[in-house]
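Please look at the chain and its model before reading on.

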Amino acid sequence: MPRILTYEAAGADEGRLVRDVIREDFRLVAHDTARAKYRTENGITVDGVPVRVNHPLHPGNVLRVVLSDEPPVRIVPAEGPLAILYEDEDVICINKPAGTVVHPSHGHFSDTIANYLAFYFEQKGEPREIRTVGRLDKDTSGILVFGKNRTACAHLTEQAEKGTRRKRYLALAHGVFGAPEGEIDAPIEREFAGLQKRVVREGGDEAHTSWKVAYQFPDFALVEAEIATGRTHQIRVHLTHIGHPLVGDRLYGPEYADADAALGLTRAALHAHRLDFAQPFTGERIALCAPVPADMRGALARFLPEEELRDLP
């Protein structure tokens with residue numbers, strides 16, 4: 001579905017050029033403007049009449065810009081659970097449960113978040129491309145962002161690159177930390193070709209993680225983590241690198257299997273907890289929180305007083 005942007009000129013807009021509104025108020029870049037001009041019929045109009053971007057506006061004029069998307073890639077719609085945290089015309093944010101795959105792949109053709117979203121949009125009469133902004137591993141729970149149009153995705157990606165879109169994670173990590181917080185700058189690459197496992201290794205892709213201990217328990221800690229780069233398994237690899245693999249992580253901490261079982265965790269205890277970003281077109285700040293999932297909360301309940309456990313979002 002196309003994204004339609006409108007702007008009604010006020011008295012202060014007398015003589016203001018269409019391209020200035022497109023750039024300053026709609027926050028569109030040159031590529032978006034070109035797409036509206038050359039690939040969409042009547043893509044840029046004033047009071048219903050096609051105009052060039054150097055057209056001057058007068059009070060009461062209504063500027064309309066149409067951003068069309070390519071036909072969506074076919075994803076099989078399938079009814080399934082969707083915990084929607086936020087939705088507007090450009091963005092939808094989901095609280096993904098652990099164990100659910102994001103996109104169809106071998107062995108997962110109709111039981112993914114993308115399938116459920118395709119069904120959701122179909123029921124609303126809004127066929128859309130399913131565009132993920134960022135990603136989460138199958139066993140990672142928490143906030144997952146989808147852009148509803150190409151331009152929204154581009155803006156959200158740019159925010160991540162500039163550090164104005166922030167996602168913070170909660171993790172349960174084995175061991176006693178020697179400091180309350182720290183930074184990890186260590187390159188990451190595949191351990192061996194074709195294998196899923198990653199390792200810290202010179203010559204790998206640049207990766208940066210910051211972490212802070214929220215609660216330290218006798219044998220593990222609740223850690224807040226934020227990544228400045230989006231490498232596969234980054235938090236899992238980096239915390240393992242400093243001697244603190246995640247609770248329940250059989251890939252990076254198999255030696256802790258008995259401790260994991262005692263805590264009741266059967267997956268790597270990682271949760272995308274908070275997200276802060278700017279609405280792609282209006283710039284409004286949006287802050288979201290996905291509640292701590294039951295399995296991680298259950299492990300914490302063994303050690304935290306009830307009143308502190310209640311304070312966890």
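What follows goes from the whole chain to single residues.

This is a predicted model, in which local features need pLDDT of at least 70 and side-chain atom pairs count only at pLDDT 80 or more, while totals for chains, interfaces and linings use all residues. Residues are numbered from 1 along each chain as its sequence is written, and side-chain values use heavy atoms, with hydrogens and water left out.

The protein chain contains eight helices and 16 strands; helices (H or I, at least four residues) and strands (E, at least two) are DSSP runs, numbered from the N terminus. Its C-alpha trace spans about 70 × 45 × 40 Å along the principal axes. Of the 313 residues, 47% are buried, where buried means under 20% relative accessible area, exposed over 50%, and partly exposed in between (1.4 Å probe, protein chains only). The chain exposes about 15300 Å², and carbon and sulfur atoms supply 51% of that area; accessible areas come from the Shrake-Rupley method with a 1.4 Å probe, and for residues only the protein chains shown count as cover. Among contacts (heavy atoms within 4.5 Å) with a separation of 6 or more, 65% join residues 24 or more positions apart.

On a 1 Å grid over the protein atoms alone, a cavity is a set of points where a 1.4 Å probe fits but cannot get out, and a pocket is an open set with protein on both sides within 12 Å along at least five of seven lines; lining residues have an atom within 4 Å of a point. Grid points are joined across faces, edges and corners, and a volume is the space filled by probe spheres set on the points.

The largest pocket has a volume of about 750 Å³. Its lining has 29 residues, and Gly-134, Tyr-169, Ile-227, Thr-229 and Gly-230 lie nearest its centre. Two or more lining residues come from each of strand E7 (131-133), helix H4 (150-162), strand E9 (166-174), strand E13 (208-216), strand E14 (220-227) and helix H5 (234-241). By class, the pocket lining has eight nonpolar, twelve polar and nine charged residues; Ala, Val, Leu, Ile, Met, Phe, Trp, Tyr, Cys and Pro count as nonpolar, Asp, Glu, Lys and Arg as charged, and the others, Gly among them, as polar.

There is one cavity of 30 Å³ or more. The largest cavity has a volume of about 40 Å³, and its lining includes Ile-92, Phe-121, Arg-128 and Lys-148. Four nonpolar, one polar and four charged residues make up this lining.

The aromatic pairs number seven. Rings of Phe, Tyr and Trp (its six-membered ring) pair if their centres lie within 6.5 Å; planes under 30 degrees apart count as stacked, over 60 as edge-to-face and the rest as tilted. Tyr-120 and Phe-121 form a tilted pair, because their ring centres are 5.5 Å apart and their planes stand at 55°. Tyr-120 is partly exposed at 22% relative accessibility, whereas Phe-121 is buried at 4%. Phe-220 and Phe-303 form an edge-to-face pair, with 5.3 Å centre to centre and 70° between the planes. This pair links distant parts of the chain, 83 residues apart: Phe-220 is in strand E14, and Phe-303 is in the loop between helix H7 (294-301) and helix H8 (306-311). Phe-220 is buried at 2%, and Phe-303 is partly exposed at 39%.
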